[in-house]
Amino acid sequence: MKFQVLDIIPHLKNPLTGGIVSTADRLNQVIDTARRAEELGFDSFSVGERHAGEFISSSPTTVLAAIAAVTTRIRLQSGVTVLSVLDPVRVAEDYATIDQLSRGRLELVIGKGNEVLQYPLFGLDLADQWELLAEKYGLLRRLWTEENVTWSGRFRPALAEPVTTTPRPYAGAPRVWHGSATSLASAALAARWGDPLFTANAIQPRENYKVLIDHYREEYERHGHDPRHQYLGSGSGAGGIFIANTTQEAKRQFGPVYEALTKGRNVPGNNSPYRDIDHAVAEGPALVGSPEQVIDKILSYHALYGHDLQSISLPTTLPFEQQLEILERFALDIIPAVRAAAPTTLWSAGDPYANRPQVSGGTEPDAAARVTADHSNHRRSHVYTH
């Protein structure tokens, strides 16, 4: 298994002490965490995007560019790029710039987002969220894989004259994942294009996410895509991660913070059913406990989901030094055991995107073209054999 750190950059008071860092300090914490995650051997770092609520992640491209400047190996991802409210031309330009700055380390994760207030903010109708996502993704793919693009659609002015966005991506189009939390639509869109899926695995029971994952896999096969490229990522709950020598000690230390944050969150339709720490540890996806408890929980989800990439989010209301201690302990005590028990080809031999130059030293000119050719070859074989 591979491992990601995700920060959607919440900017919250510690519910017990009332303490909160400045906006500048909080943003710099994200960059320092990414740098430390690379040193500890994490595989990717992801920055979220929100345009409402207690978050300061409205400009993830700026933050990812800053991270690109202070890292050399770790992959850079978004979590998610809210493509439904954005202009695909601007997305193609901004993220290709990050791809160039990082020398091919970018992989995008797109979605419609789970914050309803962002749609009126951008002058859009919430009822169109899925159609917006599908149409804009179709254009983004063309802008990254083609030159002299002409296009027309429902939600954006037409590109009547041929357009080639610049800069071009560093080594062919970056891979795009699809974030999935509540609807079959994102899973179906990912399967249609033969892209990997990222399940939020956040606030619902695991069985709900399994429905979306199963639908993705069924649709992926129905479309005839190569199963070798059917990768899956998984989140780790809205409660974050906390590690102590024993699970009881972890619940004692972190439980009051978790329960106060959960109690203070009042977003109808977007609240965790795991209201107390015992319930969250026993049945929810939060990674709180001893190293053995956390290892067992990740592997229990892997047995159900079969995921390749595990994402974690630090408890950002705690002192920053404590967050980094948790990050280090996860890297030293948990990652090796899970890697050994749940191997994957993601970003390794067998994954065409592992050949993006800066990461592997390879010279693959266009990973996207290669994976498209693989899908085409598999479809021809699929038709013949079935």
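This report walks through helix packing, aromatic pairs, one histidine and some backbone details in a predicted model.

Let's start with helix H1 (residues 23–39) and helix H2 (residues 60–70), whose axes are 9 Å apart and pack at an angle of about 40°. The two helices are therefore oblique to each other, and their crossing is right-handed. On the H1 side, the contact is made by Leu27, Val30, Ile31, Ala34 and Arg35, which meet Val63, Ala66, Ile67 and Val70 of H2. Sorted by class, the residues of this contact are eight nonpolar, no polar and one charged.

Next come helix H3 (residues 88–101) and helix H5 (residues 129–145), with axes that come within 9 Å and cross at roughly 45°. That angle makes H3 oblique to H5. Here, too, the crossing is right-handed. H3 brings Pro88, Val89, Val91, Ala92, Tyr95 and Ala96 to the contact, where they meet Lys136, Leu139, Leu140, Leu143 and Trp144 of H5. This contact of H3 with H5 has 10 nonpolar residues, no polar ones and one charged.

## Aromatic pairs

How many aromatic pairs does the model hold? The count comes to seven. In one of them, the ring centres of tyrosine 216 and tyrosine 220 are 5.6 Å apart and the planes stand at 65°; planes over 60 degrees apart count as edge-to-face, so this pair is edge-to-face. Both tyrosines belong to helix H7 (residues 206–222), where they sit four residues apart, about one turn of the helix. Tyrosine 216 counts as buried at 1% relative accessibility, and tyrosine 220 is buried with a relative accessible area of 1%.

Another edge-to-face pair joins tyrosine 301 and tyrosine 305, with 5.6 Å from centre to centre and 65° between the planes. These two tyrosines are in helix H10 (residues 291–305), and because they are four residues apart, about one helical turn separates them. Tyrosine 301 and tyrosine 305 are both buried. Elsewhere, Phe3, Phe42 and Phe330 form one aromatic cluster.

## A histidine in H10

Helix H10 also holds histidine 302. Which residues does histidine 302 contact, leaving aside its neighbours within four places in sequence? They are Met1, His307 and Ala342.

## Backbone details

Two cis peptide bonds can be pointed out here. A cis bond joins glycine 79 and valine 80, with omega about -5°, and valine 80 is placed in the loop between strand E3 (75–78) and strand E4 (81–82). The bond from threonine 166 to proline 167 is cis as well, with omega near -5°. Proline 167 is found in the loop between strand E7 (159–163) and strand E8 (176–180).

Isoleucine 9 has a phi of about 55° and is located in the loop between strand E1 (2–7) and H1. Is isoleucine 9 buried or exposed? Its relative accessible area is 0%, so isoleucine 9 is buried. Tryptophan 347 has a phi of about 60°, and its place is in the loop between helix H12 (335–341) and helix H13 (357–360). With a relative accessible area of 9%, tryptophan 347 is buried.

Key: Residues are numbered from 1 along each chain as its sequence is written. This is a predicted model: local features need pLDDT of at least 70, side-chain atom pairs count only at pLDDT 80 or more; totals for chains, interfaces and linings use all residues. Side-chain values use heavy atoms; hydrogens and water are left out. Axes are lines fitted to C-alpha atoms, for helices over the stretch in contact, and angles run from 0 to 180 degrees between N-to-C directions. Angles under 35 degrees count as roughly parallel, over 145 as roughly antiparallel, 65 to 115 as roughly perpendicular and the rest as oblique. A crossing is left-handed if the near helix is turned anticlockwise from the far one by less than a right angle, and right-handed if clockwise. Contact means heavy atoms within 4.5 Å. Ala, Val, Leu, Ile, Met, Phe, Trp, Tyr, Cys and Pro count as nonpolar, Asp, Glu, Lys and Arg as charged, and the others, Gly among them, as polar. Rings of Phe, Tyr and Trp (its six-membered ring) pair if their centres lie within 6.5 Å; planes under 30 degrees apart count as stacked, over 60 as edge-to-face and the rest as tilted. Buried means under 20% relative accessible area, exposed over 50%, partly exposed in between (1.4 Å probe, protein chains only).
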